[in-house]
Amino acid sequence: MIQHIMKLIWRKKGANSLILLEILLSFVVLFGVLSFALYNLERVQQPIGFEVEDKWILHLDRTLVKDSARLVTLLPELKQAITDLPNFNQASWAELGLPYSGGTWNAKESTDGVSVSARVAIVDEDFPLASKLKLTEGRWFNEDDLLQKEIPMVVNKHFLDLHYPGVNMIDSIIEFQGDRKIIGSVLDYRYGGAYEEELSTVFAPFRAENCRFMPSLLIDVKPNTPMQYEEELGEVIKSIAKTDTYVIEHVNQSKEFEEKKTWFPLLILLSICGFLCINVALGLLGVLWYNINKRRSEIGLRRAIGAHTSDIAKQFVLEILFLAAVAVGIGTLFAVQIPLLQIIDIERTILIKSIVLAALIIFGIVTLCALYPSNQAARIQPALALHED
Amino acid sequence: MISIQNLSKVYRTKTIETTALNNINLNVPKGEFLSIMGPSGCGKSTLLNIMGLLDEPTSGKVEIDGQSMPNYNSKSVARFRNKQLGFIFQSFHLIPDLNILDNVELPLLYAKVNRKERKRLSEEALESVGLRNRMQHFPGQLSGGQKQRVAIARAIVGKPQIVLADEPTGNLDSSMGNEVMDILLRLNQVLETTIVMVTHDANMAKKTDRLIRLYDGTQIQ
Ligand SMILES: Nc1ncnc2c1ncn2[C@@H]1O[C@H](COP(=O)(O)OP(=O)(O)OP(=O)(O)O)[C@@H](O)[C@H]1O
Ligand SMILES: [Mg+2]
């Protein structure tokens with residue numbers, strides 16, 4: 001029967017190749033969008049490494065950075081005053097790498113054939129408490145560390161996996177913007193948010209005297225702290241820093257804003273894909289409908305020579321499923337080139353999942369579209385169909 | 001072989017009711033070559049379709065080989081048509097996208113005969129209608145008479161007991177018609193196939209064992 005169907009399809013290769021092309025294109029688009037969606041879905045399920053609820057970030061007047069002598073006394077004083085307020089727990093000054101801060105500083109260095117690269121977060125000794133970052137190995141830096149010859153550094157797991165796979169690097173000294181001692185590691189710190197890929201990241205200690213950018217203060221706030229507390233905070237800032245210029249950022253809002261930048265276009269893409277599928281479905285329905293009407297006498301004849309109604313329905317479903325299988329086959333041939341050529345950096349499992357999912361959706365649509373017209377074809381009265389021409 | 005009792009067929013549409021057949025009683029013994037004549041619209045095709053289990057009678061009984069067929073859409077009726085009946089139509093009804101060989105082996109495909117055997121039987125059937133050399137052609141490349149001979153090969157490839165032919169020579173000129181008629185006569189004589197043929201051509205009807213005439217759905221002779 002399959003061979004018979006292949007012959008019928010081959011003889012109508014002109015019309016069938018258009019259907020094939022339509023299915024192939026939808027498969028390729030589906031595959032692309034699905035792998036993008038699955039890639040992000042995978043990302044979003046990974047821990048980001050820090051908490052976003054009840055976290056405020058205080059951004060001060062940037063011109064303050066120019067007076068570095070004043071900064072050295074102002075920053076600790078301000079932090080102390082703020083954490084003394086009843087509704088604020090811990091706080092950490094940070095020059096780079098605060099949650100959703102956008103800006104990154106990537107450092108790269110090659111020594112003795114080892115090339116080390118990472119983005120650098122510059123935060124103070126209270127950062128794990130303020131952000132709820134969890135150490136998996138070693139410890140966080142403290143004030144004593146700053147007196148040592150080697151600058152202490154905490155790294156993330158990806159940094160270790162990338163540069164020193166399988167080696168225990170805690171307490172090792174590496175050359176990375178000077179001599180650095182790795183004293184601890186964290187699982188991850190994806191401060192760009194849940195959609196951000198894993199990046200090699202290190203934490204370096206913040207020192208007011210070395211500031212190049214105006215630091216911001218990450219504050220861990222007690223749950224259910226009302227917005228009015230911003231005013232209280234403002235008064236402290238005014239009395240200590242003598243400025244009215246400040247902004248208070250709520251980390252959970254920044255998270256929503258940042259993540260929307262990824263999921264919103266994704267949602268639009270998925271909707272377009274949905275419309276595409278509906279379009280393909282309607283197109284297929286139309287083509288099948290037309291074909292079946294054109295082949296009424298063939299259907300009548302097949303019934304006369306012994307085809308059961310189910311044979312008729314099966315034939316039409318198989319014809320279109322065969323076309324879909326060829327289209328999906330060709331599409332898969334294209335799709336598997338992507339991991340082979342390493343064009344984009346997406347995991348192989350995601351690509352395979354996308355191929356399978358896209359194929360399932362295509363076969364689902366095609367089967368659904370084929371069932372109704374094929375059943376109608378099976379119901380055609382043979383006596384009537386044979387009588388028509 | 002075919003026994004028809006008190007058979008009536010009424011077509012009901014929204015506006016009118018047509019009595020296509022009215023109380024037909026007919027017996028076709030095994031091996032008979034029967035022809036049916038009558039003016040256009042008198043119900044000849046309807047009668048043939050009912051004999052061929054393609055259509056249901058409104059009332060009355062059809063028995064083939066002593067068996068009556070209750071449900072016309074059932075698998076067993078489909079199988080019966082496949083094994084015991086062969087159809088030939090005025091307009092040939094060949095499938096244009098299949099070559100001659102594939103057209104002829106179609107009934108065997110539904111009978112689930114294996115490929116080798118299908119080919120052998122189809123070649124044999126094409127041989128008997130003198131078209132073995134045209135196996136790889138497509139229907140569009142054949143003349144009307146040749147097409148009808150292919151249709152005959154298809155009707156007899158499964159060696160059915162009964163062949164039902166609805167104006168098999170209706171679209172053919174007289175020499176081609178005679179060729180087709182000769183094949184049917186030979187089939188009837190050599191294989192003792194029971195044949196019921198609708199025709200408008202009295203000369204063709206004369207060559208058969210028996211002739212009945214229909215008029216307005218009623219048998220008049
Ligand atoms: N499906 C149908 N619905 C309604 N009426 C029908 C249908 N099929 C046939 N008829 C009517 O039944 C009558 C008999 O038709 P039938 O086709 O059997 O005639 P016929 O003798 O074969 O004619 P012809 O010699 O032209 O082929 C006609 O009046 C026809 O209009
Ligand atoms: Mg007729």
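1. Conventions. The model is predicted, so local features need pLDDT of at least 70 and side-chain atom pairs count only at pLDDT 80 or more, while totals for chains, interfaces and linings use all residues. Residues are numbered from 1 along each chain as its sequence is written, chains are lettered from A and ligands numbered from 1 in the order in which they are written, and side-chain values use heavy atoms, without hydrogens and water.

2. The sheet in chain B. An open sheet is built from four strands of chain B in the order β2-β1-β4-β5, with antiparallel pairing. Strands (E, at least two residues) and helices (H or I, at least four) are DSSP runs, numbered from the N terminus; two strands pair if DSSP finds at least two bridges between them. β2 (17-28) and β5 (67-68) of chain B are at the edges with a single partner strand each, so one side of each has no neighbour in the sheet.

3. Helix on the sheet. Helix α1 (residues 44-51) of chain B packs on this sheet and touches β1 (2-12), β2 and β4 of chain B. Contact means heavy atoms within 4.5 Å.

4. Strand β4 of chain A. Seven of the ten residues of β4(A) (residues 114-123) are buried, so this strand is largely enclosed by the rest of the structure. Buried means under 20% relative accessible area (1.4 Å probe, protein chains only).

5. Partners of β4(A). Strand β3 (residues 106-111) of chain A pairs with β4(A) in the antiparallel sense over six bridges, and Lys108(A) is opposite Ser117(A). Strand β9 (residues 201-205) of chain A pairs with β4(A) in the parallel sense over five bridges.

6. Largest pocket. Its volume is about 710 Å³, the space filled by probe spheres set on grid points joined across faces, edges and corners. A pocket is an open set of points on a 1 Å grid over the protein atoms alone, where a 1.4 Å probe fits, with protein on both sides within 12 Å along at least five of seven lines; lining residues have an atom within 4 Å of a point. The lining of the largest pocket has 34 residues, and among those nearest its centre are His387(A) and Ser45(B). Helix α1(B) gives the largest share of this lining, five residues.

7. Second largest pocket. The volume here is about 520 Å³. Its lining has 26 residues, with Met1(A) and Leu109(B) among the closest to the centre. The largest share, six residues, comes from α3(B).

Conventions:
Axes are lines fitted to C-alpha atoms, for helices over the stretch in contact, and angles run from 0 to 180 degrees between N-to-C directions. Buried means under 20% relative accessible area, exposed over 50%, partly exposed in between (1.4 Å probe, protein chains only).
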